[in-house]
Amino acid sequence: MSEQGSIFFEMGLYQAELPLRLQYADIHFWFDAREEAGAWRTRVGLTTYAMRLLDDVFRLEWKVTVGQEIREAEPIGEIESTKASSELYAPMSGKLWDINTEMLEQPARIGVEPYAHWLLEFEGRPEHALDPEQYRQFLATGWEETQKLLKGQV
C-alpha cells in the first residue's frame, strides 16, 4: 500500500493513530499485507487503540508455533498488562510463517510504538479486513460502551 499519513480516533484525552497504509481487524490488530516473490505475507500487530486500553504490557505468550495452520478467531496466545490479562485470538486464517521473538523478550516495546513492532507473520492475506476509515467508524460505534467498561459501570 502506498498511502502515507494517518487518521485518528479520539479517546478522551488520547488519540489512537490509524496509519493509512495498514488494514485493521475488529479485534484490534493491524495488518501489513505485502507480496514477496509471488506469495502474500501479512504481518500483524496490536493497534494503538488496543495498547491504550491495555497500558503497560509485561507478558506476551503464544500458544501457536511457526508452520501451524491457524483459523481466524481461534485462541492463539495471551497478553498481560498493568490493566488487564486477555486471551488473544487469531485476526486471520493462514499458515503461521514467523513469530517476532523480540516482542516475547521485551513486550513493553509494543506499547511504545505499536506500528513499529509486528507480532506474527502469516502466509496469505486477511479475508476480513477494515480500511482505516472503516476501523475508525467501528471504534466510534463501540466507544460509549468501552468507556463504561473502563469506568467500571457495566
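Trainee: What makes each of Phe31, Thr42, Val44, Ile70, Arg71, Glu72, Phe122, Glu123, Gly124, Arg125 and Pro126 a residue that Met92 touches?

Mentor: A contact requires heavy atoms within 4.5 Å, and Met92 meets that condition with every residue you name, once residues up to four places away in sequence are set aside. Bear in mind that this is a predicted model, in which local features need pLDDT of at least 70 and side-chain atom pairs count only at pLDDT 80 or more, while totals for chains, interfaces and linings use all residues. Residues are numbered from 1 along each chain as its sequence is written, and side-chain values use heavy atoms, with hydrogens and water left out.

Trainee: How do you know whether Met92 is buried or exposed?

Mentor: Buried means under 20% relative accessible area, exposed means over 50%, and partly exposed lies in between (1.4 Å probe, protein chains only). Met92 has a relative accessible area of 0%, and therefore it is called buried.

Trainee: Where does Met92 sit relative to β9 and β10?

Mentor: Met92 is in the loop between β9 and β10, the latter being residues 94-99. The numbering of such elements runs from the N terminus, over DSSP runs (helices H or I, at least four residues; strands E, at least two).

Trainee: Why is His117 called buried?

Mentor: Its relative accessible area is 10%, which falls under the cut-off, so the word buried applies to His117. His117 is found in the loop between α3 (108-112) and β11 (120-123), and, leaving aside residues up to four places away in sequence, it touches Trp30, Gly45, Met103, Arg109 and Ile110.

Trainee: Why is Ala37 called exposed?

Mentor: Ala37 has 90% relative accessibility, which is over the limit for exposed, and therefore it receives that label. Ala37 lies in the loop between β4 and β5 (39-46), and its phi is positive, about 50 degrees, although Ala37 is not a glycine. His28, in the loop between β3 (23-24) and β4 (29-36), likewise has a positive phi, near 70 degrees, and is a residue other than glycine.

Trainee: How do you know that β1 and β2 pair?

Mentor: Two strands pair if DSSP finds at least two bridges between them. Six bridges join β1 (residues 6-11) to β2 (residues 14-19), and these strands run antiparallel, so the condition is met. Phe9 has Ala16 as its bridge partner in β2, and in the hairpin of the two strands, with two residues between them, Gly12 takes a positive phi near 70 degrees.

Trainee: Why do β6 and β9 stand at the edges of their sheet?

Mentor: The open sheet has three strands in the order β6-β8-β9, with antiparallel pairing. β6 (57-62) and β9 (85-89) each have a single partner strand, so one side of each is left without a neighbour in the sheet. β8 (residues 75-81) is joined to β9 by five bridges, and Glu80 stands opposite Ser85 in β9.

Trainee: What makes a set of residues a nonpolar core, and which residues have the most contacts inside the largest one?

Mentor: A nonpolar core is a set of buried Ala, Val, Leu, Ile, Met, Phe, Trp, Tyr and Cys residues joined through side-chain atoms within 4.5 Å. The largest has 25 residues, and Leu60, Trp62, Ile76, Leu119 and Leu120 have the most contacts inside it. Among the elements giving two or more residues to this core are β4, β5 and α1 (48-54). Apart from this core lies another, of 14 residues, among them Ala16, Leu22, Tyr24 and Tyr49. In soluble globular proteins, nonpolar side chains tend to be buried together.
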